[in-house]
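Work through the exercises below with the sequence and the 3D view open. Each task is followed by a solution in steps.

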Amino acid sequence: MKKILFLSFVLAFVAGCKNNESKYPSVAAPVAMVKAHEITSKHGDKRVDNYFWLRHREDTAVVNYLKAENKYLDTMMAHTKAFQEKLFLEMKGRIKEKDESVPYKIDDFFYYTRVEEGGEYPVYCRKKGSLEGAEEIIANGNEMGKGRGYFSMFASASPNHNIATLAVDTVGRRFYTLSFKDMLTGKMLADRIPGTTGNFEWANNNKTVFYSKQDPNTLRSDKIYKHELGTEASKDVLVFEEKDQTLSSYIGKSRSKKFLLVQSGRTDASVVRFMEIDNPKATLKVIEPLKENIQYSADHMNGKFYIRTNADATNYRLVSAEETKTGKENWTDVIPNRDDKFLEGFELFNDYLAIQETAEGLAHIRMIKWADQSEHSIDFGEPAYVAGISTNPDPKSTTLRYYYQSMTTPASQYDYGMDTKEKKLLKEQEVLGGFDRANYQTERVMATSRDGVKVPVSIVYRKDKFKKDGSNACFQYAYGSYGASMVAYFSSSRLSLLDRGFVYAIAHVRGGQEMGGKWYEDGKMLKKKNTFNDFIDVSEFLINEKYAAKDKLFANGGSAGGLLMGAITNMRPDLYKGIIADVPFVDVISTMEDETIPLTTFEWKEWGNPNVKEEYDYMLSYSPYDNVAKKEYPNLLVTTGLQDSQVQYWEPAKWVAKLRTMKTDKNLLLLKTNMEAGHGGASGRFESLKEEALMYAFVLDLVGVKE
């Protein structure tokens, strides 16, 4: 059967780019076999999926098809191979190969990571007593990841610093194996816990570890276990099981170190349970029962719980509650809801409360002194930037560590004296290759969407390459889902576009929370199309305001942002020269109907429940895969990973297969499958640059920029 499937691939002649056909070889593109699979919804609606068979990851025919697409991409982009290598070396050349992070101090130890020249992965290290002390290597990622197609690791130490926990994934599906290293002897312990989410917490007794595991099929994190060092993982005690199929669970440790916190949540609601972390007889208690459309998270210090919640607060508020009276009726406002500010998060200190909030799409950090309620904020001084509270392990400290960057300022770490109000720059990312921030300009403008809503847009360009006359190529990016705010971040790789005359724009579309809680609510469920309309309207704004040439506009987004790319591809294919969809979620209905795969039941409140006809019909009306039609499409580069745990590889593969048979143009349609990676693409700090080099070569080549 596999041979029959493989031999059933038919070939279709694909001509080159219509603007410059000669540079693309006249070769045949792989076209997947058509095998009709009928799907009937609970509402009686029938759909035919001709490429359903691509779901079988282990099928040789499926693998061969994906490899054929990779080969086709390599052939069509062969003339850019030297350019890709140049871009890769250029981007790599801006990275300081030998570098280390800013250390953070816990008790008598300074923890940090460093990277070595030529090394792909971090080396986890620490020093005792002072930064001049002898270095101890906790784990060397370069040694552990050597020879592997994919490698991801992180590490942390026990409360007494004698045992280190290593979490390692060598496949890319985010199943981590926990192992333990005795830091006194340097030897690995016998304990190994496979198949975890990588989410774990130490008890204070230095011998008990709590961790979460996911369902092997749906990948929903649903079980919390307790492991005692020196025992078999198969004998670990189940502490909690989340049986609600719409919820996923993870664990944390309270700031006071007294409680284990278990949070179960979905996109619209959450519930927090707590138990004394060192009491073997402790049982989990609920802070406030789960309620529809109520989100909250909690921390604990000085005998009180501090709870960030959207209960009676669209922009979230911070409340406190006694340990013994945690229910909503006992909540007391610490920071009330405000219409003009969105509460992003908080950090508890003995003397101060640090608040991270957003106003008009820009981050603010504010300190409130417990003793007298006096307060002050940090001034950042740029029109578009990202800032936030960083690692602050010591609640006794009067110094707040925060991070800062903008589209022209590299990533930086600061210490801020909450008493003295003095800022101290600890480290700014060093960008090699002659980078001078004075050569670049960032702007923050507001575009008007079709319903009159003002959408923030962060823009950056190179001053001497930019003319506001509608002649510049433009690369527009957005995400717009899950309430995740896309920020005006710095990218040294992006300089390769800016230095060649591109304008780069981030559209802060609805579906994120850049403009508050309502910004998210207005970009989900039955209002999801606002996300797509916002992006399209920002595109037209960039053209009309002459930031972008109308024939040189590109769009990019990944995962849920890839859904955005799929939607705009169907809605306004005429508007874009090219679209890059990274690991795109494009088969909305089929995924939401299949409760056996990831990205389903606990996301029904983000996209819609297909069992509800109104929601089914709305999703079907925009699902990119279901709305492919016989018409012209822009140049398309689509990426995926065979081991993707979030958006299954078959979604982009099926989408490309359908586009091949339906589109009426001669533009490029390329699919790149990383056969060894998952949702995040290639692992390693340099390997991932090769994927960026391909993307940049794709767009630069289309606008005629030569090597």
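**Exercise 1. Aromatic rings**

Task: Find which residues form one aromatic cluster with Phe380, then describe the pair of Phe109 and Tyr111 and the pair of Tyr618 and Tyr622.

Solution. Step 1: in this predicted model, the cluster consists of Phe380, Tyr385, Tyr402, Tyr404 and Tyr414.

Step 1: a pair of rings is described by the distance of the centres and the angle of the planes. The count of aromatic pairs comes to 32. One of them joins Phe109 and Tyr111, with centres 6.2 Å apart and 40 degrees between the planes. Planes under 30 degrees apart count as stacked and those over 60 as edge-to-face, so this pair is classed as tilted. Both Phe109 and Tyr111 are buried.

Step 2: for Tyr618 and Tyr622, the centres are 5.8 Å apart and the planes 75 degrees, an edge-to-face pair. Both residues belong to helix 11 (residues 613-622), where they are four residues apart, about one turn of the helix.

Step 3: buried means under 20% relative accessible area. Tyr618 counts as buried because its relative accessibility is 16%, and Tyr622 is buried at 5%.

**Exercise 2. Charges over rings**

Task: Name the ring under the charged end of Arg494 and the ring whose face Lys690 lies over.

Solution. Step 1: the charged end of Arg494 sits over the ring of Tyr489, at 4.6 Å from the ring centre. Step 2: Lys690 lies over the face of Phe88, and the distance to the ring centre is 5.5 Å.

**Exercise 3. Two helices**

Task: Compare the reach of helix 8 and of helix 13 with the expected values, and list the buried residues of each.

Solution. Step 1: helix 8 (residues 560-571) has twelve residues and reaches 17 Å from its first C-alpha to its last, close to the expected 16 Å. Eleven of these twelve residues are buried, which leaves helix 8 mostly covered. The buried ones are Ala560, Gly561, Gly562, Leu563, Leu564, Met565, Gly566, Ala567, Ile568, Thr569 and Asn570.

Step 1: helix 13 (residues 687-702) has 16 residues and reaches 24 Å, close to the 22 Å expected. Its buried residues are Leu689, Ala693, Leu694, Met695, Tyr696, Ala697, Phe698, Val699, Leu700, Asp701 and Leu702. After helix 13 comes Gly704, with a positive phi near 85 degrees.

**Exercise 4. The neighbours of strand 27**

Task: Trace how strand 27 pairs with strand 26 and with strand 28.

Solution. Step 1: strand 26 (residues 352-359) and strand 27 are antiparallel and share eight bridges. Ala359 has Leu362 of strand 27 as its bridge partner. Two residues lie between these strands in the hairpin, where Glu360 takes a positive phi near 50 degrees.

Step 1: strand 27 is joined to strand 28 (residues 375-377) by three bridges, again in an antiparallel arrangement. Here Ile368 is bridged to Glu375 in strand 28. This hairpin has five residues between the strands, and Gln373 has a positive phi near 65 degrees.

Step 2: strand 27 (residues 362-369) is largely enclosed by the rest of the structure, because six of its eight residues are buried.

**Exercise 5. The whole chain**

Task: Decide whether the radius of gyration of the protein chain agrees with or departs from that of a compact globule.

Solution. Step 1: for 707 residues, a compact globule would have a radius of gyration near 27 Å. Step 2: the protein chain has 26 Å, so the value agrees.

Technical notes: Residues numbered from 1 in each chain as written. Predicted model: local features only at pLDDT ≥ 70, side-chain atom pairs only at ≥ 80, totals over all residues. Heavy atoms only, no water. Expected span 1.5 Å × (residues − 1). Buried < 20%, exposed > 50% of the residue type's maximum accessible area, 1.4 Å probe, protein only. Phe/Tyr/Trp six-rings, centres within 6.5 Å; stacked < 30°, edge-to-face > 60°. Lys NZ or Arg CZ within 6 Å of the ring centre and 35° of its normal. Pairing = 2+ DSSP bridges. Rg over C-alpha atoms; globule rule 2.2 N^0.38 Å.
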